[in-house]
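Please look at the sequence and the model together, and follow the paragraphs below with both in view.

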Amino acid sequence: MKRPLLTCALILALFSARAPGAGAPDTVIVDSETEGVIHGALQYLAAHQRFDGSWTQAPNSGAYPVAMTGYALLAFLSAGNLPDDGEYGRNVSQGMQYLIDQIEPNGIFRDAEQQRYMYSHGIATVALSELYGETRSPLLRQKLSQIVNVIVAAQSPPGGWRYLPASRDADISVTVCQVAALRAAKNAGLDVPQAALDRAVDFIDKCYNDQTGAFAYQPRTPPGFARTAAAIYSLQLCGKYDDPRVAKGSDYLFANDSESVEWWPYGCYYARPAEYMIGGEAWKRWYGEMRTHLLADVIRDGDACHWDQRRSEMLGPIYETSVFVTILATPYHYLPLYQR
């Protein structure tokens, strides 16, 4: 399927865009300044792709290659690049092939970071599901089926997921990765048992804090910004678009959105599709505020752009740049996973 990188004006005309969760026209577009930052950030990511097609946490770090390749691929896809199609089509092809080559016959990614394995597995599955939806490659479908089976088998007794495939407990941050992966695979036409999504909702329910309207990392632990973003996005992916807790969670995100919040980039990555699917004024306000934050913080080096706030040893410039590009490019409406 051919899909060239389009200008924001042409995209707006083609889509006559409507907010995903509302009936009024969607007035959120990518303006020329933001488009320039997106292009500069993709240039940065392309320049730091490794010889084997992967990306890592930071240039020369070697950390988290499976997860970071998944995040980087989604950034390129969000701006309209496909395998061998678009300005960065070659980078997408190489990254996709890297992930395919990492999949063992049992569906496990070979080079994924082991202590937090399911994070990497989930985000890589999302990227490959979106790529399969566009390419319909028989080989990719076979591989995708294997890695989806791992997610289904790894669901824990409480209904969520944890760091390792054989875990007996769960947390909201790993669960959202697997829910997104299952929904993306289902959208692409793979067989995903509805029972897995229903059980995930059961776990998410247990993480809700009725007093604050927010969600916790695990049941009976304190709620927070990133945890709430992950939870309300997960509910929407499971079809619970009109669940009143989604609206309450959205209110909590607006009231607690600050760059000083722990795991702010991670939380924003999930707040973005959550607010996008709510649509209307919530999405317009959230995107406007995020655009202001991100354009103020971007690091420019000639034409290239990136972000590097180093909030955690687990984050880095490749992660942050991939996440923030995907956020800024959301109004292009390219990724099926973020459609209601």
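Which residues form one aromatic cluster? Tyr-71, Tyr-233, Tyr-266, Tyr-269, Tyr-270, Tyr-319 and Tyr-338 do, where rings of Phe, Tyr and Trp (its six-membered ring) pair if their centres lie within 6.5 Å. This is a predicted model, in which local features need pLDDT of at least 70 and side-chain atom pairs count only at pLDDT 80 or more, while totals for chains, interfaces and linings use all residues. Residues are numbered from 1 along each chain as its sequence is written, and side-chain values use heavy atoms, with hydrogens and water left out.

A search of the whole structure finds 15 aromatic pairs. Among them, Phe-76 and Tyr-88 are tilted, with 5.4 Å from centre to centre and 50 degrees between the planes (planes under 30 degrees apart count as stacked, over 60 as edge-to-face and the rest as tilted). Phe-76 belongs to helix α3 (residues 65–78), whereas Tyr-88 lies in the loop between α3 and α4 (89–102); such helices are DSSP runs of H or I with at least four residues, numbered from the N terminus. Phe-76 counts as buried because its relative accessibility is 0%, and Tyr-88 is buried at 7%, where buried means under 20% relative accessible area with a 1.4 Å probe, protein chains only.

Key
Helix = DSSP H or I, 4+ residues; strand = E, 2+ residues; numbered from the N terminus. Buried < 20%, exposed > 50% of the residue type's maximum accessible area, 1.4 Å probe, protein only.
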